[in-house]
Amino acid sequence: MLTKQKGDIAEQATILQALRQGWGVCKPIGDRLPYDLVFDVDGQLIKIQVKSAWFDDKRGNYVVDTRRTKTNRREMIRDTYSPTDFDFAIVYIDSLHVFYVIPVHCFIAYGSEIHLVETAKRQRKPKSATFREAWSLLEAASLSGLVQVKTS
């Protein structure tokens with residue numbers, strides 16, 4: 001499956017999950033913006049960056065790249081996100097139908113990759129486990145006004 005196709009699947013799964021939560025979903029036209037979707041959560045607009053995780057056979061866990069990737073015909077350009085590019089990243093693991101809901105400041109603090117451990121054999125949970133299925137973070141952000149854009 002192509003990378004773009006995996007991203008499309010992650011985006012559609014995220015839209016469906018948001019609709020199940022009862023939230024409004026807006027999809028920007030084109031892909032020039034640093035976010036993929038906008039959720040309307042209790043009247044608050046929240047910018048969402050959607051990422052698809054892949055399984056790393058060597059390490060035995062799932063991985064997601066925390067950088068922005070732009071491609072043209074000749075090269076792939078990777079760049080870091082800034083704290084104002086989006087409000088939350090939602091990472092989707094297709095094979096498990098699992099979501100990680102990560103605030104932007106946590107997402108960009110990881111560097112270039114986040115490793116998501118989905119096995120129960122570890123003695124302690126990784127920091128990323130806090131964000132597994134953490135949809136309540138979006139509602140908490142909308143209630144506290146932590147996101148930058150408000151609806152009237």
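1. A friendly place to start is Glu-118, which counts as partly exposed at 24% relative accessibility. This is a predicted model, and the points below walk through it from its charged pairs to its cores. Glu-118 forms a salt bridge with Arg-132, with the closest N and O atoms 2.9 Å apart. Both residues sit in the loop between S10 and H3, and the pair links parts of the chain that are 14 residues apart. Arg-132 is partly exposed too, with a relative accessible area of 39%.

2. How many salt bridges does a search of the whole structure find? The search finds 7. One of them joins the side chains of Arg-59 and Glu-113, at 3.8 Å from N to O. Arg-59 belongs to the loop between strand S4 (54–56) and strand S5 (61–65), while Glu-113 belongs to strand S10 (residues 113–116), so this pair ties together parts that lie 54 residues apart in sequence. With a relative accessibility of 54%, Arg-59 counts as exposed, whereas Glu-113, at 30%, counts as partly exposed. Please also look at Asp-56 here: salt bridges that share partners join Asp-56, Arg-59 and Glu-113 into one network.

3. Another charged pair worth a look is Asp-65 with Arg-67. Their salt bridge has its closest N and O atoms 3.0 Å apart. Is Asp-65 buried or exposed? Asp-65 has a relative accessibility of 12% and counts as buried, because the limit for a buried residue is under 20% relative accessible area.

4. Now to strand S8, which spans residues 88–93 and is mostly covered, with 6 of its 6 residues buried. Phe-88, Ile-90 and Tyr-92 point one way from the strand. Ala-89, Val-91 and Ile-93 point the other way, and the residues of both sets are buried.

5. Which strands pair with S8? Strand S3 (residues 44–52) pairs with S8 in the parallel sense, over 5 bridges; in this pairing Ile-48 has Phe-88 of S8 as its bridge partner. Strand S9 (residues 98–103) runs antiparallel to S8 and is joined to it by 6 bridges. There, Tyr-92 has Phe-99 of S9 as its bridge partner. S8 and S9 form a hairpin with 4 residues between them. If you follow the chain through that turn, notice His-97, which has a positive phi of about 50°.

6. Helix H3 covers residues 136–144, and its buried residues include Leu-138, Ala-141 and Ser-142. Looking down the axis of H3, the buried residues fall within an arc of 100°, so they line one face of the helix. What do these buried residues pack against? Their packing partners are strand S2 (37–41), S3, S8 and S9. The face turned away from the buried side carries Ser-136 and Leu-143, which are exposed. Just after the helix comes Gly-145, with a positive phi of about 75°.

7. The pieces above meet in the largest nonpolar core, which has 20 residues. Phe-39, Ile-48, Ile-90, Trp-135 and Leu-138 are the ones that touch the most other members. Helix H1 (3–20), S2, S3, S8, S9 and H3 each give two or more residues to this core. Which element provides the largest share? That is H1, with 4 residues.

8. Leaving aside neighbours within four places in sequence, Ile-90 is in contact with residues including Thr-14, Phe-39, Ile-48, Val-50, Phe-99, Val-101, Trp-135 and Leu-138. Gln-49, Lys-51 and Tyr-100 are also among its contacts.

9. One last stop is Gly-30, in the loop between strand S1 (24–26) and S2. At 58% relative accessibility, Gly-30 counts as exposed. How far is Gly-30 from Glu-139 in space, C-alpha to C-alpha? The distance is 27 Å, and the two are 109 residues apart in sequence.

Notes: Residues are numbered from 1 along each chain as its sequence is written. This is a predicted model: local features need pLDDT of at least 70, side-chain atom pairs count only at pLDDT 80 or more; totals for chains, interfaces and linings use all residues. Side-chain values use heavy atoms; hydrogens and water are left out. Buried means under 20% relative accessible area, exposed over 50%, partly exposed in between (1.4 Å probe, protein chains only). Two strands pair if DSSP finds at least two bridges between them. The arc is that of the directions from the helix axis to the C-beta atoms. Contact means heavy atoms within 4.5 Å. A salt bridge is a side-chain nitrogen of Lys or Arg within 4 Å of a carboxyl oxygen of Asp or Glu. A nonpolar core is a set of buried Ala, Val, Leu, Ile, Met, Phe, Trp, Tyr and Cys residues joined through side-chain atoms within 4.5 Å.
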